[in-house]
Number of protein chains: 2
Amino acid sequence: MAQGTLDRHRTKFLLDERDIPTKWYNIQADLKTPLAPVLHPGTGQPIGPQDLAPLFPMELIKQEVTQERWIEIPDEIRDVYRLWRPSPLHRARRLEKALGTSAHIYYKYEGVSPAGSHKPNTAVAQAYYNKKEGVTRLTTETGAGQWGSALAMACSFFELQCKVYMVKVSYQQKPYRRVMMETWGAQVVPSPSPDTEAGKKVLQGDPDSPGSLGIAISEAVEDAATREDTKYSLGSVLNHVLMHQTVIGLETKRQLEKADDEADIVIASAGGGSNFAGLALPFAGDKITGKKKTRLIAVEPTACPSLTKGTYAYDFGDTVGMTPLVKMHTLGHDFVPPPVHAGGLRYHGMAPIVCKLYDEGIIEAVAVPQTATFQAALLFARSEGIIPAPESAHAVRVAIDEAMRATEEGKRRTIVLNLSGHGHFDLAAFEAFLADRLEDFEYPAEKIAEALKGLPRVNG
Amino acid sequence: MAQGTLDRHRTKFLLDERDIPTKWYNIQADLKTPLAPVLHPGTGQPIGPQDLAPLFPMELIKQEVTQERWIEIPDEIRDVYRLWRPSPLHRARRLEKALGTSAHIYYKYEGVSPAGSHKPNTAVAQAYYNKKEGVTRLTTETGAGQWGSALAMACSFFELQCKVYMVKVSYQQKPYRRVMMETWGAQVVPSPSPDTEAGKKVLQGDPDSPGSLGIAISEAVEDAATREDTKYSLGSVLNHVLMHQTVIGLETKRQLEKADDEADIVIASAGGGSNFAGLALPFAGDKITGKKKTRLIAVEPTACPSLTKGTYAYDFGDTVGMTPLVKMHTLGHDFVPPPVHAGGLRYHGMAPIVCKLYDEGIIEAVAVPQTATFQAALLFARSEGIIPAPESAHAVRVAIDEAMRATEEGKRRTIVLNLSGHGHFDLAAFEAFLADRLEDFEYPAEKIAEALKGLPRVNG
């Protein structure tokens with residue numbers, strides 16, 4: 001009988017190792033019209049594989065453009081996934097009880113990866129394909145450090161060298177993230193660094209530059225482009241990165257079946273878009289093909305609301321203007337987001353796939369302010385135990401809002417959110433919140449106009 | 001066929017929520033002779049329940065002395081356990097490969113709890129029984145912060161107030177551990193504090209006192225003893241604490257069955273003894289009753305080798321000399337361990353149950369130096385991903401040593417270790433190790449003699 005009680009209160013829906021997806025889902029196969037072409041920043045013409053070859057291995061370039069619906073996941077990658085995948089799907093019963101809600105709230109917990117977030121899902125894949133094509137060294141940039149940690153770990157598994165250009169202000173403020181990467185064997189330098197021409201140039205102008213993600217990208221790309229043994233690795237935005245993350249949503253669908261439940265609303269935070277896409281794309285595919293009507297909500301900070309307040313236009317992926325031009329919802333590539341603690345959501349643009357789905361009404365977006373986000377994080381920590389990363393807390397906030405709405409409307413509704421990582425390295429932000437020192441930032445209308453003046457002119 | 005490949009390489013052995021143990025194992029039922037009585041520090045006479053009543057709820061006092069073999073785990077506790085339990089048992093295939101060993105290495109991973117260690121297994125139980133008996137507030141002490149975090153979380157689940165006296169030097173050096181406890185709603189003060197007579201007295205003598213675990217215990221005990229609504233909670237050493245931890249070993253035995261394997265060697269680090277006991281006691285029971293011959297190894301730091309270099313005698317549990325006298329392997333209660341980073345292993349004594357098993361030859365003990373421990377931690381992180389807590393790394397070190405021995409001897413051997421927690425809050429220690437700034441500490445023989453002079457005289 002105690003057994004029965006426990007079953008009624010089932011909390012976790014686990015899958016067996018054998019249930020790790022064997023294929024990634026490529027939503028490009030199901031889009032009604034193809035993605036807008038990526039343009040060369042110099043010529044304004046669509047770029048081809050040869051343009052990307054100095055930076056990426058050929059298999060990832062193929063994955064970037066393929067129209068195949070399902071891409072086989074090599075056993076070598078699944079072998080690493082098995083260290084923490086399938087990740088658990090939790091029914092947030094204690095949170096539901098704290099809210100007194102009629103809704104069912106589930107969270108997919110990606111913080112179980114050793115790097116503490118969903119980022120290794122693609123880092124491992126990227127390290128593998130680079131290794132396979134003879135690359136011996138990868139470069140990347142990192143801000144808050146979640147992506148750098150994931151790539152550092154992946155490189156240690158495949159015995160690749162890894163150099164991480166870490167935004168200098170983060171390098172100084174988050175020493176533990178740096179040590180984590182070094183523990184996995186990566187070389188970490190503060191950016192701007194004297195190791196690249198791009199870095200030297202910035203340092204000449206301002207020796208005390210705090211750095212930025214834009215500068216760090218420039219350094220990592222230059223490093224990779226100028227060395228035969230080295231390629232570059234990006235943690236979000238690109239199509240293949242989003243595709244690698246679909247293991248999250250694919251597992252979640254199977255887990256909901258085990259829970260004998262079905263998602264009405266799927267929620268995840270969106271910075272570059274890979275975390276949202278990871279959970280939402282498999283559901284979006286069912287929506288495009290008319291199989292399901294699930295609401296899919298991307299959550300961004302009011303401080304950096306690219307989907308809800310940006311323009312859908314061609315823009316550079318980086319701040320400096322070195323990358324190809326991509327059509328996306330953007331706040332303008334020279335927009336500098338306010339210093340919210342959700343560092344992973346401070347990006348001026350958004351993954352083209354996410355933008356297209358938003359433009360076509362397949363997904364929704366909502367922006368939430370910082371303090372409301374941390375209020376949600378605190379309630380989550382005190383009911384479910386896990387202290388969420390500030391990025392993930394954005395999804396928690398909207399899940400709570402939707403649960404309360406369901407309660408008011410007297411509906412049952414099943415809400416699924418992506419808890420993309422834990423907040424063990426973000427406790428300074430919780431300290432600020434608990435001491436009532438957190439600010440809210442709205443993105444003012446006049447700033448939109450200003451930033452969008454800088455958009456490149458192309459015939460997109 | 002890919003399916004088959006994956007099965008041959010199976011990495012994790014999971015149990016279902018329904019398989020969370022329904023009973024804790026009480027090894028007192030299987031000891032050949034009873035534990036030596038705990039003595040009153042004033043009278044030298046065995047203490048009774050009434051002596052402990054001001055500090056602990058009656059149910060825990062009963063559990064401390066019961067001779068019942070199995071104690072039912074209330075559903076309310078299992079409901080919380082289910083947030084992270086059953087914890088996974090991993091086969092460390094990547095570590096085995098890195099070592100080129102013939103041994104099978106498994107690790108039970110307790111770092112999946114939201115507090116990041118095994119400590120919540122007892123914190124949740126203690127919070128529950130206190131709540132049930134009408135207590136509204138708990139006090140405790142914490143050094144490194146793992147225990148304080150666990151109790152803070154447990155108290156938030158059962159809506160108890162929680163006050164943590166945190167050793168001042170840790171309070172200053174580990175602000176994130178403090179914020180973690182505050183996020184779960186606990187009040188955290190640096191000890192010595194002006195909130196207690198014990199704290200005031202120390203501060204009068206030395207306003208800049210860095211504090212110690214001994215002082216913090218005195219403060220937490222005084223606070224509980226002088227308030228009607230408040231009891232005290234301890235994270236190790238006591239019989240009931242060790243018993244609560246046996247869920248670790250009970251799960252592990254079932255998981256090994258699923259792996260179709262059998263433990264030859266079981267290894268865990270030992271500070272106060274609860275982590276070692278949690279994994280080892282269910283195996284020790286089988287050894288006492290002659291069912292199995294598993295080797296059981298407790299690992300301690302050479303800096304604080306209570307089992308391998310201490311004396312088996314009556315001593316105080318705290319530094320100040322306020323607690324009852326217990327018979328244990330001790331380095332003397334006024335021994336101040338060198339500042340190794342494994343803060344959880346810096347205890348002068350050892351749980352009486354662990355000491356008795358050691359004295360009777362049921363378990364072994366080995367001491368390892370700090371740098372060798374971190375070498376093992378680094379190899380583990382780079383092969384298995386997870387960055388171990390320094391305490392847990394002690395078990396990793398000895399598991400590697402035993403695996404290499406098995407390889408030399410051409411034996412297969414199955415080694416199971418308790419990875420009691422992750423090292424996310426210990427990265428300063430990894431930084432020191434990577435920078436070659438870690439010291440090794442041996443416990444010199446003359447210091448043993450000196451410290452043991454201070455042992456209390458009793459007719460034990």
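Buried, as the word is used here, means under 20% relative accessible area, while exposed means over 50% and partly exposed the range in between, all with a 1.4 Å probe and protein chains only. Helices (H or I, at least four residues) and strands (E, at least two) are DSSP runs, numbered from the N terminus. With these terms in hand, the buried residues of helix 16 of chain A can be named as A:Pro352, A:Ile353, A:Val354, A:Cys355, A:Lys356 and A:Leu357.

The model is a predicted one, in which local features need pLDDT of at least 70 and side-chain atom pairs count only at pLDDT 80 or more, whereas totals for chains, interfaces and linings use all residues. Residues are numbered from 1 along each chain as its sequence is written, chains are lettered from A and ligands numbered from 1 in the order in which they are written, and side-chain values use heavy atoms, with hydrogens and water left out.

Helix 16 of chain A spans residues 352-359, and because six of its eight residues are buried, this helix is largely enclosed by the rest of the structure. The cover over its buried residues, judged by contact (heavy atoms within 4.5 Å), includes helix 12 (239-245), helix 14 (274-288), helix 15 (306-309), strand 12 (311-316) and strand 13 (325-330) of chain A. After helix 16 of chain A comes A:Gly361, which has a positive phi, near 75°.

Two helix pairs show how helices pack against each other within a chain. Their axes are lines fitted to C-alpha atoms, for helices over the stretch in contact, and the angles run from 0 to 180 degrees between N-to-C directions. In chain A, helix 3 (residues 58-65) packs against helix 6 (residues 120-132) at an angle of about 130°, and the two axes are 8 Å apart. That makes helix 3 of chain A oblique to helix 6 of chain A, on a scale where angles under 35 degrees count as roughly parallel, over 145 as roughly antiparallel, 65 to 115 as roughly perpendicular and the rest as oblique. From helix 3 of chain A, the residues A:Glu59, A:Leu60 and A:Gln63 meet A:Gln126, A:Tyr129 and A:Asn130 in helix 6 of chain A. By class, this contact between helix 3 and helix 6 of chain A holds two nonpolar, three polar and one charged residues, where Ala, Val, Leu, Ile, Met, Phe, Trp, Tyr, Cys and Pro count as nonpolar, Asp, Glu, Lys and Arg as charged, and the others, Gly among them, as polar.

In chain B, the axes of helix 10 (residues 197-205) and helix 11 (residues 213-225) cross at roughly 145° and come within 7 Å. Here B:Glu197, B:Ala198, B:Gly199 and B:Val202 in helix 10 of chain B meet B:Ile215, B:Ser218, B:Glu219 and B:Glu222 in helix 11 of chain B. The residues of this contact between helix 10 and helix 11 of chain B divide into three nonpolar, two polar and three charged.

The peptide bond from B:Ser191 to B:Pro192 is cis, with omega near 10°, and B:Pro192 has its place in the loop between strand 8 (187-191) and helix 10 of chain B. A cis peptide bond also runs from B:Arg85 to B:Pro86, with omega near -10°, and B:Pro86 is in the loop between helix 4 (75-81) and strand 4 (89-91) of chain B. A positive phi in a residue other than glycine is found at B:Val237, near 70°, and B:Val237 is buried, with a relative accessible area of 13%. For A:Asp260, phi is likewise positive, near 55°, but A:Asp260 is exposed, with a relative accessible area of 72%.

The last topic is how the two chains relate. Chain B can be laid on chain A with an RMSD of 0.0 Å by a turn of 180° and a shift of 0.0 Å along the axis, the copies being superposed by least squares on the C-alpha atoms of residues with pLDDT of at least 70 in both. The two copies are thus related as by a two-fold rotation axis. The same surface serves both copies, since 100% of the contact residues of chain B recur in chain A. One residue that reaches across is B:His424, which is buried, with a relative accessible area of 7%. Its side chain is joined to that of A:His424 by a polar contact of 2.9 Å, a polar contact being a pair of N or O atoms within 3.5 Å, where within protein one must be able to donate a hydrogen and the other to accept it, and residues adjacent in sequence count only if both atoms are side-chain atoms.
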